[in-house]
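Student: Please take a close look at the aromatic rings in this model. Which rings pair, and how are they arranged?

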Amino acid sequence: MEYFVLLRGVTPTGKNRIPKMAILRSIIEDAGFKNVTTYIQSGNVIFDSDLVKTEVAKKVHMQILENIGADLKVIVKSRKELAVAVNENPFDNTYDYSRVHLAFFNERLSKLHLDLLKNIPFWGEKLSFGSECLYMYLPRDAAKKRLNTNFLERKLQTDATTRKINVITKLMNLERN
């Protein structure tokens, strides 16, 4: 099975630093995953494995923690899940595509959790619900935005990671060995 691992919390310095993607790729290969490819420094990895997603997430988390010391959240998705997420994007060409973000979770969100988000004002930011992710349109600078991964994790009480839609599209189109 081909998996896309989206790491949450990668930083350029400090305790959650990934020194180089080549080191991350080597650590993932040493864990027994096959055909490992990485994409950009924020922690995107593609590989093949016979394990189920929950086992993949645990194994990748432990490999990184034990070998680099970074305690990162690990979100695991299939190609089909990412394709559905991209195809369901509710923001048409009247929106600045570079400001469309997708928030991913390892588990399905409950209706109760989603209902908590429906009536919150985001002052120009937009939130939409899809079958594989939440969609965010964030027209403001990062420092000024209210709708972000930390907010979603607090409200939904689950791990999340966010990527721009163009990063997901490029990740899915990477040439692999």
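Tutor: Start with the rule: rings of Phe, Tyr and Trp pair if their centres lie within 6.5 Å. Planes under 30 degrees apart count as stacked, over 60 as edge-to-face, and the rest as tilted. The model is predicted. By this rule it holds five aromatic pairs.

Take Phe 91 and Tyr 137. Tyr 95 joins them: ring pairs link Phe 91, Tyr 95 and Tyr 137 into a cluster.

Now Phe 122 and Phe 151. Here the centres lie 5.7 Å apart with the planes at 90°, so the pair is edge-to-face. This pair, too, links distant parts of the chain. Phe 122 is in the loop between α4 (111–118) and β6 (126–129), Phe 151 is in helix α5 (residues 149–156), and 29 residues separate them. Phe 122 and Phe 151 are both buried.

The charged end of Lys 59 sits over the ring of Phe 33, 5.4 Å from the ring centre. Lys 118 places its charged end over the ring of Phe 129, at 5.8 Å from the centre.

Notes:
Residues numbered from 1 in each chain as written. Predicted model: local features only at pLDDT ≥ 70, side-chain atom pairs only at ≥ 80, totals over all residues. Heavy atoms only, no water. Phe/Tyr/Trp six-rings, centres within 6.5 Å; stacked < 30°, edge-to-face > 60°. Helix = DSSP H or I, 4+ residues; strand = E, 2+ residues; numbered from the N terminus. Buried < 20%, exposed > 50% of the residue type's maximum accessible area, 1.4 Å probe, protein only. Lys NZ or Arg CZ within 6 Å of the ring centre and 35° of its normal.
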